[in-house]
Amino acid sequence: MLYDLNIAWSPATPQDRLLQALAMASSLGYATVALNHTVELPFPANPTSPFPSLPGVDDSSASASRTKLPHVLHRATLPLADPAASNYRLPALAAVYDILAIRPLTDKAFQNACLTLDIPIISLDLTTHFNFHFRPKPCMAAVSRGVRFEICYAQLLSADSRGRANFIGNVTNLFRATRGRGFIISSEAKTTLGLRGPSDIVNLLSVWGLASERGLEGFRSIPRSVVVNEGMKRNGFRGVIDVVQVATKTASGGVSGDGPESAQNSDVNSAAKPVKNQKRKKGEDGNGQPPSKRQAKKMKLAARSAASK
């Protein structure tokens, strides 16, 4: 299953153009996409979702057109220059959107996003020239915390020559700082022409140092983990998410099923089975060890007393 967690959207995007982009993403093999809304500061204390209802996605009656469109998620990207400006607003955004991402603009904001912020994605405009370096220590700390760096290939397609040079330099520096781990590959496509197949992007990134296996993980397992973890945060409570399987009693009174109850029941039954008595060797006690001198003397005295009777 392929994921594209960044298809650019704004309130000015026409609905027909958005449906074309979703249909194109589905034809390229993407099963789940996320519409990305860039939130500008300051935003209201109680934000609401600005995304419109799409026919074939939110309408259950349109089954014919629904099969042509992927599953759509809602995402918010927050540009952050001052790391202390909007930390207290992140829970309010998390309650409205399915996925949150931070786009740091300064060195302090990048350090804060890597080390302390509870966000799943760090998205960067790689066509710009940053006044700081991607150092391995904060980048690896972010990867170990489960934060993912996002590479948006549509930035390269729409940039000029200077922007493309910045994109290549920033990408190679990120690959070096993270050792090629923890990347999500998205499009950030504003039109249908900005979408590409995953094989083309994986081959392109392999030229700049990202292994093909890591590139495929950026389309599959890594974005899937982000979607699943964010869903667990919103639907779970203290680690309890859902009941996956309930064991049922059989006619014999046992417990059937592949859950932990059945495994525990099998352990109890196996422990209750009688163990056959092993034959003891001559001259050994019940533990299988040879008797001591005192025990041997007592055995001889008991045998003599029995013989005299």
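Two strands count as paired here if DSSP finds at least two bridges between them. The model shown in every view is predicted.

**View 1**
The seven strands follow the order 1-2-3-4-5-6-7, and their pairing is parallel. Strand 1 (2–9) and strand 7 (183–186) are the edge strands, each pairing on one side only. On average, neighbouring strands are turned by 35° against each other, direction ignored. In general, strands of a sheet pair through backbone hydrogen bonds, in either a parallel or an antiparallel arrangement.

**View 1. The pairing of strand 1 with strand 2, and the helices on the sheet.**
Six bridges join strand 1 to strand 2 (residues 30–38) in the parallel sense. Within this pair, isoleucine 7 stands opposite leucine 35 of strand 2. Helix 9 (residues 212–219) packs on the sheet, where it touches strand 1, strand 2 and strand 7. The direction of helix 9 makes about 65° with that of strand 7. Helix 7 (residues 161–178) lies across strand 6 (148–152) and strand 7. Relative to strand 6, helix 7 runs at about 155°.

Helix 5 spans residues 136–145. Its buried residues are Pro138, Cys139, Met140, Ala142 and Val143. The cover over these buried residues includes helix 4 (107–115), strand 6 and helix 7. Lysine 137 also has its place in helix 5, but this residue counts as exposed, at 73% relative accessibility. The C-alpha atom of lysine 137 is separated by 9.6 Å from that of cysteine 114, a residue 23 positions away along the chain. Just after helix 5, glycine 146 takes a positive phi of about 95°.

**View 2. Cysteines without disulfides.**
The structure holds zero disulfides. Cysteine 139 is in no disulfide, and the nearest cysteine sulfur, that of cysteine 114, is 5.1 Å away. The cut-off for a disulfide is a pair of cysteine sulfur atoms within 2.5 Å. Cysteine 139 counts as buried, at 0% relative accessibility. Cysteine 152 is buried as well, with a relative accessible area of 0%.

The largest nonpolar core has 58 residues, of which Leu22, Leu35, Phe110, Ile122, Phe134 and Phe149 touch the most other members. Helix 7 gives the most to this core, with five residues. Another core, of ten residues, lies apart from it and has Leu73, Ile99, Ala101 and Val226 among its members. Leaving out residues up to four places away in sequence, phenylalanine 149 touches Phe110, Cys114, Ile122, Cys139, Ala142, Val143, Leu174, Thr178, Gly182, Phe183 and Ile184.

In one of them, the side chains of arginine 75 and glutamate 150 meet at 2.7 Å, N to O. Arginine 75 lies in strand 3 (residues 71–80) and glutamate 150 in strand 6, so this pair ties together parts that are 75 residues apart in sequence. Arginine 75 is buried, with a relative accessible area of 0%, and glutamate 150 is buried with 1%. A further salt bridge joins glutamate 188 and arginine 103, whose closest N and O atoms are 2.8 Å apart. Glutamate 188 lies in the loop between strand 7 and helix 8 (198–207) and arginine 103 in strand 4 (residues 99–104), so the pair ties together parts that are 85 residues apart in sequence. Both glutamate 188 and arginine 103 are buried.

Glutamate 230 and lysine 233 form a salt bridge in which the closest N and O atoms are 3.3 Å apart. The two residues are separated by about one helical turn because they are three residues apart in helix 10 (residues 221–235). An α-helix has 3.6 residues a turn, so residues three or four places apart point the same way. Glutamate 230 counts as buried, at 7% relative accessibility, whereas lysine 233 is partly exposed, with a relative accessible area of 48%. Salt bridges that share partners join Asp118, Glu230 and Lys233 into one network.

Definitions and conventions: Residues numbered from 1 in each chain as written. Predicted model: local features only at pLDDT ≥ 70, side-chain atom pairs only at ≥ 80, totals over all residues. Heavy atoms only, no water. Helix = DSSP H or I, 4+ residues; strand = E, 2+ residues; numbered from the N terminus. Axes fitted to C-alpha atoms, helices over the stretch in contact; angles between N-to-C directions. Contact = heavy atoms within 4.5 Å. Buried < 20%, exposed > 50% of the residue type's maximum accessible area, 1.4 Å probe, protein only. Core = buried A, V, L, I, M, F, W, Y, C linked by side-chain atoms within 4.5 Å. Salt bridge = Lys/Arg side-chain N within 4 Å of Asp/Glu carboxyl O.
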